[in-house]
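Please keep the sequence and the model open while reading.

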Amino acid sequence: MGKLDGRVVFITGGARGQGEQEARLFVAEGARVVIADVLDEQGEALAQELGKQAGEDAARFVHLDVSREEEWVAAVRAAKDAFGKIDGLVNNAGILRFNALVDTPLDEFMQVVQVNQVGCFLGIKTVAPEIGAAGGGTIVNTASYTAMTGMSAVGTYAATKHAILGLTRVASMELAHLKIRVNAVCPGAIDTAMSNPAQLDPTADASETSAALGELYRKLVPLGRVGRPEEVAALALFLSTEDSSYITGQPFVIDGGWLAGVSLF
């Protein structure tokens, strides 16, 4: 038996990176997943692959721009049409832009806020009533290492991730009566296209960039390596199962010890 047998989990940003690994792991644990993303081709391909592996009812893809409320309403309707209910949500979609605060155009700032912060808010607002109607469940919000501290050049991103922790804490209190637990994962450096954009550029040497990033994080991270998206997925799984039944309103840092302090060795 899987840890998520009988569950229907809605995963945003599910077409690649952490969201993809969450979809794969959740299906392996018995869930039916709704893969929501703006990356239609990749999302459809993943849903079809998971369907072939675990049965045609294992996964559905829905197009979703998380910053648009009307698209949330349509995506939730499609998910219910496919599976009859939703009792889990992983608010994973997010974008990252590098810029000093004083050099950040307002349009860029608002774009990051709309996807990361507004997207998380709309996910809670739209899906929580469905989870409550299903008898309760879980919401896992993807925050960041930078939700717990500061980091130069990613001020907009860090601001939105701090906001996600606030949303997580308030939602955990407001939704507890519906038997909905709300927690946040706070990943550090994870080996995805977000932290290594060269993975998306066919003309770039992604392996060379990965090696350079790996060397950087060997110096910064006590465990001496970049994290794997599968490791974040495992944490999201824990927070979506009865293994974490008495945990709500909490941030969970998964960063190889980066936040622990400065190592002199």
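This is a predicted model: local features need pLDDT of at least 70, side-chain atom pairs count only at pLDDT 80 or more; totals for chains, interfaces and linings use all residues.

A search of the whole structure finds three aromatic pairs.

**Stacked pair: Phe10 and Trp72**

- Phe10 and Trp72 form a stacked aromatic pair.
- Phe10 sits in strand S1, residues 8-12. Trp72 belongs to helix H3, residues 69-83.
- The pair therefore ties together parts that are 62 residues apart in sequence.
- Phe10 is buried, with a relative accessible area of 0%.
- Trp72 also counts as buried, at 0% relative accessibility.

**Edge-to-face pair: Tyr217 and Trp258**

- Tyr217 and Trp258 make an edge-to-face aromatic pair. The centre-to-centre distance is 5.5 Å, with 70° between the planes.
- That angle is over 60 degrees, so the pair is classed as edge-to-face.
- Tyr217 lies in helix H6, residues 206-220. Trp258 is found in the segment after strand S7, which spans 251-254.
- Because of these positions, the pair links parts that are 41 residues apart in sequence.
- Tyr217 has a relative accessible area of 13% and is buried. Trp258 counts as buried at 13% relative accessibility.
- Tyr145, Tyr217 and Trp258 form one aromatic cluster.

**Thr160 in helix H5**

- Thr160 is placed in helix H5, residues 155-174.
- Its relative accessibility is 0%, so Thr160 counts as buried.
- Which residues does Thr160 touch, not counting those up to four places away in sequence? They are Val112, Val113, Asn116 and Gln117.

**Ala233 in helix H7**

- Ala233 is part of helix H7, residues 229-239.
- Ala233 has 1% relative accessibility and therefore counts as buried.
- Leaving aside neighbours within four places in sequence, Ala233 is in contact with Gln21, Glu22, Leu25 and Phe26.
- The C-alpha atoms of Ala233 and Arg169 are separated by 21 Å. Along the chain, Ala233 and Arg169 are 64 residues apart.

Key: Residues are numbered from 1 along each chain as its sequence is written. Side-chain values use heavy atoms; hydrogens and water are left out. Helices (H or I, at least four residues) and strands (E, at least two) are DSSP runs, numbered from the N terminus. Buried means under 20% relative accessible area, exposed over 50%, partly exposed in between (1.4 Å probe, protein chains only). Contact means heavy atoms within 4.5 Å. Rings of Phe, Tyr and Trp (its six-membered ring) pair if their centres lie within 6.5 Å; planes under 30 degrees apart count as stacked, over 60 as edge-to-face and the rest as tilted.
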